[in-house]
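Good morning, and thank you for joining. Please have the display in view as I speak.

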Amino acid sequence: MPDSDYDNTANDAELEDSGLVRRSRLRSSGWQGEGSIPELDDLEAEPDPTLPSTEDVIRKTEQITKNIQELLRAAQENKHESFIPCSERIHVAVTEMAALFPKRPRSDTVRGSLRLLTSSAYRLQSECKKAGPADSAPGPDMQLVTQQVIQCAYDIAKAAKQLVTITTKENNN
């Protein structure tokens, strides 16, 4: 049994020989199967010693995930007043995770994932503020705000998972 939701390297190792995992990951990222594969080239370059340990990245990702789950519960229960405190906790966890990485990572993939992670956290805070107590007359469309909040949370989770995958791959080279 894996120690973590993100620890699936044993299964990946078996499929890695056939290239199935790599191809399915690339296809899910939008790669169509033709031409150069920048992400693959990036990951197969020499290991980057400036990247944090996989364990640290997983720990921060689990913290982010726990906070996102709390936010999603609040959304399901229409507890919009909980959005701002939840988004603040997510933002702190994202900031802590981003701080694990170098200021200017060598890898384009790491830079892109960090950019998605941090920009989505800022966007989440902005969307959650729309759900806060309104002093003005007509309030926002709460269904739309909730959809935007969920999309931001999804983007944060996606970026965190990408960073786990990248550091796992790099640290196993």
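Predicted model: local features only at pLDDT ≥ 70, side-chain atom pairs only at ≥ 80, totals over all residues.

How many residues does the largest nonpolar core have, and which of them have the most contacts inside it? The core has 32 residues, and those with the most contacts inside it are Leu71, Leu117 and Ile156. H7 provides the largest share, 10 residues.

Leaving aside residues up to four places away in sequence, Ile156 touches Ile64, Ile68, Ile90, Val94, Leu117, Ser120, Ala121 and Leu124. Leu117, in that list, is also among the residues with the most contacts inside the core.

Now to the overall architecture. The protein has 7 helices and 0 strands, and its pattern along the sequence reads α-α-α-α-α-α-α. Of the 173 residues, 38% are buried. Among contacts with a separation of 6 or more, 77% are between residues 24 or more positions apart. The accessible surface amounts to about 10,500 Å², and carbon and sulfur atoms account for 50% of that.

Two individual residues deserve a comment. Not counting residues up to four places away in sequence, Glu127 touches Val145, Gln148, Val149 and Cys152.

The second residue is Asn78, which sits in the loop between helix H4 (54-76) and helix H5 (83-99). Its phi is near 55°, a positive value in a residue other than glycine. Asn78 is classed as exposed because its relative accessible area, 53%, is over the 50% cut-off.

Finally, I turn to a pocket. Which residues line the second largest pocket? The lining consists of Ala98, Phe101, Pro102, Lys103, Pro105, Arg111, Leu114, Arg115 and Thr118. By class, these divide into 5 nonpolar, 1 polar and 3 charged residues. Helix H6, residues 108-130, gives the most to this lining, with 4 residues. The space in the second largest pocket is about 150 Å³.

Thank you for your attention.

Terms used. Residues numbered from 1 in each chain as written. Heavy atoms only, no water. 1 Å grid on protein atoms, 1.4 Å probe; cavity = no way out; pocket = protein on both sides within 12 Å on 5 of 7 lines; lining within 4 Å. Points joined across faces, edges and corners; volume = space filled by probe spheres on them. Helix = DSSP H or I, 4+ residues; strand = E, 2+ residues; numbered from the N terminus. Nonpolar A, V, L, I, M, F, W, Y, C, P; charged D, E, K, R; others polar. Buried < 20%, exposed > 50% of the residue type's maximum accessible area, 1.4 Å probe, protein only. Contact = heavy atoms within 4.5 Å. Areas by Shrake-Rupley, 256 points an atom, 1.4 Å probe, with all protein chains shown as cover. Core = buried A, V, L, I, M, F, W, Y, C linked by side-chain atoms within 4.5 Å.
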